[in-house]
Amino acid sequence: MTKLKMPFLYFLSFALSLLPALIFFIVNSEKYVMAVPDRVKLTFGGIIICILLIMKVSHALRVSNGITFFGLVFILSYLFEPIIEDIMIFSFLAIVGELLSLAVRAIIRSEREKMIASKTAAEVKELLKNN
């Protein structure tokens with residue numbers, strides 16, 4: 001059970017980051033997807049956002065310079081052009097998702113500390129047993 005707990009918590013953190021904005025998008029999808037090109041652009045934008053969220057959750061996301069950041073903003077602005085009108089709503093929902101994810105990351109941090117303490121205790125116990 002404990003081996004599955006950490007991956008589940010990471011997945012939950014990722015899902016909660018995405019869920020509020022995704023629900024809003026699905027509810028209003030007929031407004032955003034008027035033609036096939038809109039659907040293709042939003043699909044690619046969604047894939048990029050998912051990759052970025054996975055990288056963020058796994059602590060692999062590092063935006064080191066302005067060119068990378070503004071290039072990413074430009075590409076996402078182009079891909080999300082159909083939803084630009086509601087960007088305030090989506091950014092608010094992204095904040096809600098981040099707050100939910102933050103709660104799960106606190107649990108992840110606590111579980112990781114418990115795992116480290118348990119391994120350390122087992123090693124100390126083994127050392128005392130051998131001496």
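**Close-up views of the predicted model**

By the distance rule applied here (a side-chain nitrogen of Lys or Arg within 4 Å of a carboxyl oxygen of Asp or Glu), the count comes to 5 salt bridges. The model is predicted, so local features need pLDDT of at least 70 and side-chain atom pairs count only at pLDDT 80 or more, while totals for chains, interfaces and linings use all residues. Residues are numbered from 1 along each chain as its sequence is written, and side-chain values use heavy atoms, with hydrogens and water left out.

**View A. The salt bridge between E111 and K5.** The closest N and O atoms of E111 and K5 are 3.3 Å apart. This pair links distant parts of the chain, with E111 in helix α5 and K5 in helix α1, 106 residues apart. Helices are DSSP runs (H or I, at least four residues), and strands are likewise DSSP runs (E, at least two), numbered from the N terminus. E111 is buried, with a relative accessible area of 13%, whereas K5 is partly exposed at 32%. In these legends, buried means under 20% relative accessible area, exposed means over 50%, and partly exposed lies in between (1.4 Å probe, protein chains only). Side chains of opposite charge can pair when their charged atoms come close.

**View B. E111 with K114, and the network around E111.** The side chains of E111 and K114 also meet in a salt bridge, at 3.6 Å from N to O. Both residues lie in helix α5, 3 residues apart, which is about one turn of the helix. Through shared partners, salt bridges join K5, E111 and K114 into one network.

**View C. The salt bridge between E98 and R105.** In this pair the closest N and O atoms are 3.7 Å apart. E98 counts as partly exposed, at 27% relative accessibility, while R105 counts as buried, at 17%.

**View D. The largest pocket.** The largest pocket has a volume of about 1100 Å³. Its lining comprises 29 residues, and the closest to the pocket centre are L18, I49, L53, F80 and A94. The elements that give two or more residues to this lining are α1 (2-27), α3 (36-57), α4 (66-79) and α5 (87-130). Helix α3 gives the most, with 9 residues. By residue class, the lining divides into 21 nonpolar, 5 polar and 3 charged residues. Here Ala, Val, Leu, Ile, Met, Phe, Trp, Tyr, Cys and Pro count as nonpolar, Asp, Glu, Lys and Arg as charged, and the others, Gly among them, as polar. On a 1 Å grid over the protein atoms alone, a pocket is an open set of points with protein on both sides within 12 Å along at least five of seven lines, whereas a cavity is a set of points where a 1.4 Å probe fits but cannot get out; lining residues have an atom within 4 Å of a point. Grid points are joined across faces, edges and corners, and the volume is the space filled by probe spheres set on the points.

**View E. A nonpolar surface patch.** L19, L22, I23, I26 and V27 make a nonpolar surface patch of about 440 Å². Among them, I26 has its place in helix α1 and is exposed, with a relative accessible area of 53%. Patches are made of residues with over 30% relative accessible area and no salt bridge; nonpolar side chains (Val, Leu, Ile, Met, Phe, Trp, Tyr) are joined within 5 Å, and like charges within 9 Å. Accessible areas come from the Shrake-Rupley method with a 1.4 Å probe, and for residues only the protein chains shown count as cover.

View F. G97 lies in helix α5 and is buried, with a relative accessible area of 0%. From C-alpha to C-alpha, G97 and I23 are 11 Å apart in space and 74 residues apart in sequence. L42 lies in helix α3 and counts as buried, at 9% relative accessibility. A separation of 7.8 Å lies between the C-alpha atoms of L42 and P82, which are 40 residues apart along the chain.

View G. M55, in helix α3, is partly exposed, with a relative accessible area of 29%. M55 and R39 are 16 residues apart in sequence, and their C-alpha atoms are 24 Å apart in space. T120, in helix α5, counts as partly exposed at 40% relative accessibility. The C-alpha atoms of T120 and I51 are separated by 34 Å, with the two residues 69 residues apart along the chain.
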